[in-house]
Amino acid sequence: MNSSHITLFILLMTLAEYIVFISGLLSLEVTDENRKYQGALIFGTQVLFSIMTFFILIFRVQISRMISNSKKIKLTNFDGLFHWLFLYSGVIAFLALIEHLARHLLGLRSITIIYDSYEALVYIAWALNSGLLLSMMIISTKNAQEPHLSN
C-alpha cells in the first residue's frame with residue numbers, strides 16, 4: 001500500500017502538470033512578443049509542480065493516513081529518496097527561470113548554462129525517478145512474498 005501511494009502521488013502530480021501543458025491551459029507556443037512572459041510562466045509552472053510534489057512526498061505518510069484507514073501506512077526506505085528528486089527538479093526549473101529572466105529582462109544573452117542543458121538535467125531526474133520506482137516495486141513484491149520471521 002505504501003508503494004502504491006508513493007507511485008500514485010507521483011503519477012497524479014505528473015499527470016496534472018502534463019494536462020496543464022497539453023490541454024492548452026498553458027500554451028507552449030512562444031512568439032517574439034510574449035517570449036519573456038511565456039518562458040517565465042512555463043518555468044514557473046514547472047517550479048510550482050516540482051515543489052508541490054516535493055511537499056506531497058515529504059508528508060506522504062500523513063496524507064496516506066488521511067485518505068486510507070489502513071494500519072499498514074508507514075514510512076518506507078523509499079520515502080526518504082523521492083522528494084529529493086523533485087527538489088532537484090524544482091531547483092533546475094528555478095535556475096532556468098532565473099536564467100530566462102536574466103536573459104530577457106536584463107539583456108544578459110550570453111547566459112545559457114541551464115538553457116543548453118535543461119533537457120539533460122531534467123532527464124537525469126526522471127531516469128532516477130523511474131529507476132527508484134522500479135526498484136521500489138521489485139523490493140516491495142519480494143518482501144511481500146518472503147515469510148517474515150518473528151521474535
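How many helices and how many strands are there in the protein chain? There are five helices and zero strands, where helices (H or I, at least four residues) and strands (E, at least two) are DSSP runs numbered from the N terminus, and the pattern along the sequence reads α-α-α-α-α. This is a predicted model, in which local features need pLDDT of at least 70 and side-chain atom pairs count only at pLDDT 80 or more, while totals for chains, interfaces and linings use all residues. Residues are numbered from 1 along each chain as its sequence is written, and side-chain values use heavy atoms, with hydrogens and water left out.

**Overall dimensions and burial**

- The C-alpha atoms of the protein chain fill a box of roughly 70 × 25 × 20 Å, taken along the principal axes.
- The radius of gyration of the protein chain is 19 Å, whereas a compact globule of 151 residues would have one near 15 Å; the radius is taken over C-alpha atoms, and the globule rule is 2.2 Å times the number of residues to the power 0.38.
- Buried residues make up 35% of the 151 residues in the protein chain, where buried means under 20% relative accessible area, exposed over 50%, and partly exposed in between, with a 1.4 Å probe and protein chains only.
- Of the contacts (heavy atoms within 4.5 Å) between residues at least 6 apart in sequence, 71% join residues at least 24 apart.

**Helices α2 and α4**

- The axes of helix α2 (residues 35-58) and helix α4 (residues 79-105) come within 8 Å and cross at roughly 165 degrees, which makes α2 roughly antiparallel to α4.
- Such axes are lines fitted to C-alpha atoms, for helices over the stretch in contact, with angles running from 0 to 180 degrees between N-to-C directions; angles under 35 degrees count as roughly parallel, over 145 as roughly antiparallel, 65 to 115 as roughly perpendicular and the rest as oblique.
- By class, the contact of α2 with α4 has 16 nonpolar, ten polar and two charged residues.

**Phe54, in helix α2**

- Phe54 is found in helix α2 and counts as buried because its relative accessibility is 13%.
- Leaving out residues up to four places away in sequence, Phe54 touches His83, Phe86 and Leu87.
- Phe54 and Phe86 are 32 residues apart along the chain, yet their C-alpha atoms are separated by 5.3 Å.

**Asn129, in helix α5**

- Asn129 lies in helix α5 (residues 113-145), and its relative accessibility of 2% is why Asn129 counts as buried.
- Neighbours within four places in sequence aside, Asn129 is in contact with Ile10, Phe82, Leu85 and Phe86.

Conventions. Nonpolar A, V, L, I, M, F, W, Y, C, P; charged D, E, K, R; others polar.
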